[in-house]
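Opened the notebook for a new structure today.

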Amino acid sequence: MCRNIRTLHNFEPAATSDEVRAAALQYVRKVSGSTHPSKANQAAFDEAVEEIAHITQHLLDHLVTSAPPKDREVEAAKARARAAQRYATAST
């Protein structure tokens, strides 16, 4: 999975449409192997991003969980701590 695509489900506040679109964009970039498509492929690229964003939002709207929502700040702090530990051990 692309490291730039973040989990969007079960957060409080819920994922914004910008976050959903950013995840869709990263997915299309990964699958296509292109961060900036050629002019010939721009329309197909943009259409794919919009369709994937739409279906991702649909998925998020219909997922059900009994777990309490996660706090974005707490999860970000955990990720920073994991990264600090990983990079500290990798450089030794």
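My entries below go in that order.

**Confidence.** I'm working from a predicted model, so I checked pLDDT before anything else. The protein chain averages 90, and 92% of the residues score at least 70. I then looked up where confidence is lowest: that is helix α3, residues 72-90, with a mean of 87. The highest is α2, at 97.

**Helix α1.** I checked the length of α1 (17-32) next. At 1.5 Å a residue, its 16 residues should span 22 Å, and the end C-alpha atoms are 22 Å apart, so the two agree. Which residues of α1 are buried? I got V20, A23, A24, L25, Q26 and V28.

**Second largest pocket.** I noted a volume of about 200 Å³ for this one. The lining has 13 residues, and those closest to the pocket's centre are I5, R6, L8, A23 and T56. A23 is one I had already written down as a buried residue of α1. Which elements give two or more residues to the lining? They are α1 and α2 (42-62). The largest share comes from α2, with 4 residues. Sorted by class, I have 9 nonpolar, 3 polar and 1 charged in the lining.

Conventions: Residues numbered from 1 in each chain as written. Predicted model: local features only at pLDDT ≥ 70, side-chain atom pairs only at ≥ 80, totals over all residues. Heavy atoms only, no water. 1 Å grid on protein atoms, 1.4 Å probe; cavity = no way out; pocket = protein on both sides within 12 Å on 5 of 7 lines; lining within 4 Å. Points joined across faces, edges and corners; volume = space filled by probe spheres on them. Nonpolar A, V, L, I, M, F, W, Y, C, P; charged D, E, K, R; others polar. Expected span 1.5 Å × (residues − 1). Buried < 20%, exposed > 50% of the residue type's maximum accessible area, 1.4 Å probe, protein only. pLDDT = per-residue confidence, 0-100.
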